[in-house]
Amino acid sequence: MASTNAAIFKPSTDSFGHLTLHATILGDGVMSPEDHKARINGLSLLAFILALIVGILALYAVDKSTFAYHDQPVATTYAGIPVDTD
């Protein structure tokens, strides 16, 4: 029985010398398992870096919103004499 989607098989050998065939649909790039692992590792690293940056920005935003009253000096006076409120 013929398949409607033609496939290309790319022969390759793994680290032990065993022959493996990697199938792909026509028009798609043929990707070896090593290339696939490298792409997944790169995407994982990118996701980790982005999550780290978002976490740092969230911590900065929480810090600024929580302790914002310390950044603005309050001029409190009692009978014309400045009083330190800290």
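A residue counts as buried when its relative accessible area is under 20%, and as exposed when that value is over 50%. In this predicted model, 5% of the 86 residues of the protein chain are buried by that cut-off.

The accessible surface of the protein chain amounts to about 7800 Å². Carbon and sulfur atoms account for 66% of that surface.

The secondary structure consists of one helix and four strands. Along the sequence these elements follow the order β-β-α-β-β. The helix, α1, covers residues 33–66.

Contacts in the protein chain can be sorted by sequence separation. Taking those between residues at least 6 apart in sequence, 0% connect residues at least 24 apart.

Part of the surface is a nonpolar patch of about 1100 Å². Its members are I40, L43, L45, L46, F48, I49, L50, L52, I53, I56 and L57. One of these residues, L45, lies in helix α1. L45 has a relative accessible area of 52%, and because the cut-off for exposed is over 50%, L45 is classed as exposed.

Methods: Residues numbered from 1 in each chain as written. Predicted model: local features only at pLDDT ≥ 70, side-chain atom pairs only at ≥ 80, totals over all residues. Heavy atoms only, no water. Patch = residues over 30% accessible without salt bridge, like charges linked within 9 Å, V, L, I, M, F, W, Y side chains within 5 Å. Areas by Shrake-Rupley, 256 points an atom, 1.4 Å probe, with all protein chains shown as cover. Salt bridge = Lys/Arg side-chain N within 4 Å of Asp/Glu carboxyl O. Helix = DSSP H or I, 4+ residues; strand = E, 2+ residues; numbered from the N terminus. Buried < 20%, exposed > 50% of the residue type's maximum accessible area, 1.4 Å probe, protein only. Contact = heavy atoms within 4.5 Å.
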